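Take a look at the structure, then follow along below.

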Amino acid sequence: MNEKARIKEYFDMFSPNYDEENQKKYWRLSDEILLYHLNKRIKKEKFNFVDMGSGTGEWSKRFLDTYPKSKGQLYDVSDGMTEICTRKLSKYKTRVKIYKQDILNIGGKQDVDYVFLLYVLMFAREQEEILSIAKNMINKEGKIFFVVENQLNGMAINLLNDNSEETVNIYKKSFGSITESVPEIFYNTIENIKSICEKVGLKITYCIGFPVVTTIGVKRFEDSKYRKLKDILSEEKIYKDILRIEKELTQNESMAVRGKYILFEAMIKSGYEN
C-alpha cells in the first residue's frame with residue numbers, strides 16, 4: 001500500500017471517532033487557541049472560503065456558525081470523513097458545497113476570500129503544489145491559513161518516547177512518525193515554509209506557534225507518575241487559566257518555534273497575481 005492510500009485508509013477508519021477524540025480536553029484546548037487566532041485574522045463578515053482537507057467539517061461548521069453570511073466549498077478524499085461532513089452540514093446546504101476529492105486534483109482559478117488548510121499539510125509531501133493550488137483560489141486580497149507540524153516538536157516527542165533513531169530521522173529528512181498507529185507525517189520549520197511560499201509567489205503575513213505551554217501528544221508525560229495532562233485540564237479553573245495564558249503568549253510571533261503546531265497566514269505577493 002502506498003503512502004497516500006495508507007493515509008486515506010487511516011482517516012476512513014478513524015472518521016467515526018474523530019470528533020469525539022477532538023473533544024478531549026488537551027485537543028480542545030489546542031483548537032480553541034487556533035480558533036482564537038483565526039477569528040482575529042478574519043476581517044470580513046461576508047466571505048467565501050475553501051476548506052481543503054475538510055475532514056468531518058468541524059472547522060467549516062465553526063466558520064458557518066460564527067459568520068452567518070459566509071459560504072464554503074469543502075474538499076476531502078476520505079469517504080468516511082466526507083460522509084460525516086455531509087450529514088453534519090446538511091442544514092447549511094444552501095451555503096456549502098461538499099466534494100469527495102483529492103485536493104491535488106482541484107483545478108482552475110477561483111475568487112474566494114479565504115482558503116483553510118488546517119492540519120492537512122503534515123500529511124502531504126506535495127506542500128508546494130498544494131499551496132500553489134490554494135494561491136489560485138484566492139482573490140488579490142485573499143488569505144490562505146495553513147497549519148503545519150513543528151519539526152522541533154516532532155523531534156522532542158520521539159526523544160521523550162525513547163526513539164532517538166526517529167529523532168535523528170526527522171532532523172535529517174523532516175519526515176517521520178509520532179506513533180505506530182498514525183501515518184508518517186511531514187515536519188516543517190518556519191524557514192522552509194518561507195522558502196516554499198517564496199517559490200509559489202506567496203508572502204507570509206502572520207505566523208504563530210501553538211500551544212506553547214501544554215505538552216500535547218507526549219506519551220511519556222501521559223504515562224508519568226504525575227497526573228495525566230487530560231486529568232489536569234479537566235479541572236475547569238486550570239483549563240481556563242491555561243487557555244488564557246496560551247492566548248496571551250501565542251500572540252508573540254517570536255514564540256512560534258515553541259509551538260507543537262505553527263499557523264501561517266499567507267497572501268499573494270505583489271507581481272504574482274494570477
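Helix 5 and helix 8 cross in a right-handed way. (A crossing is right-handed if the near helix is turned clockwise from the far one by less than a right angle, and left-handed if anticlockwise.) Keep in mind that this is a predicted model, where local features need pLDDT of at least 70 and side-chain atom pairs count only at pLDDT 80 or more, while totals for chains, interfaces and linings use all residues. Residues are numbered from 1 along each chain as its sequence is written, and side-chain values use heavy atoms, with hydrogens and water left out. Helices (H or I, at least four residues) and strands (E, at least two) are DSSP runs, numbered from the N terminus.

**Helix 5 with helix 8**

- The axes of helix 5 and helix 8 (residues 190-200) come within 9 Å and cross at roughly 50°. Axes here are lines fitted to C-alpha atoms, for helices over the stretch in contact, and angles run from 0 to 180 degrees between N-to-C directions.
- (Angles under 35 degrees count as roughly parallel, over 145 as roughly antiparallel, 65 to 115 as roughly perpendicular and the rest as oblique.)
- On the helix 5 side, the contact is made by Gln 127, Glu 128, Leu 131, Ser 132 and Lys 135, and helix 8 brings Ile 193, Ile 196, Cys 197, Lys 199 and Val 200. Contact means heavy atoms within 4.5 Å.
- Sorted by class, the contact of helix 5 with helix 8 has five nonpolar, two polar and three charged residues. (Ala, Val, Leu, Ile, Met, Phe, Trp, Tyr, Cys and Pro count as nonpolar, Asp, Glu, Lys and Arg as charged, and the others, Gly among them, as polar.)

**Helix 2 and its partners**

- Helix 2 packs with helix 3 at an angle of about 45°, their axes 12 Å apart, and that makes helix 2 oblique to helix 3.
- This crossing of helix 2 and helix 3 is right-handed. Asp 31, Leu 34, Leu 35, Leu 38 and Asn 39 of helix 2 touch Trp 59, Arg 62, Phe 63 and Thr 66 of helix 3.
- Which residues of helix 3 (residues 58-66) are buried? They are Trp 59, Ser 60, Arg 62, Phe 63 and Leu 64. (Buried means under 20% relative accessible area, exposed over 50%, partly exposed in between, with a 1.4 Å probe and protein chains only.)
- Their cover includes helix 2, along with strand 1 (48-52), strand 2 (71-76), strand 3 (96-100) and strand 4 (112-117).
- Helix 2 (residues 25-41) also meets helix 11 (residues 236-249): the axes come within 10 Å and cross at roughly 35°, and the crossing is right-handed.

- Most residues other than glycine have a negative phi, and most peptide bonds are trans.
- Tyr 119, in the loop between strand 4 and helix 5 (127-137), has a positive phi near 60°.
- Ser 174 also has a positive phi, about 60°, and is found in the loop between helix 7 (164-173) and strand 6 (175-176).
- A cis peptide bond, with omega about -25°, joins Phe 210 and Pro 211. Pro 211 lies in the loop between strand 8 (202-210) and helix 9 (219-222).
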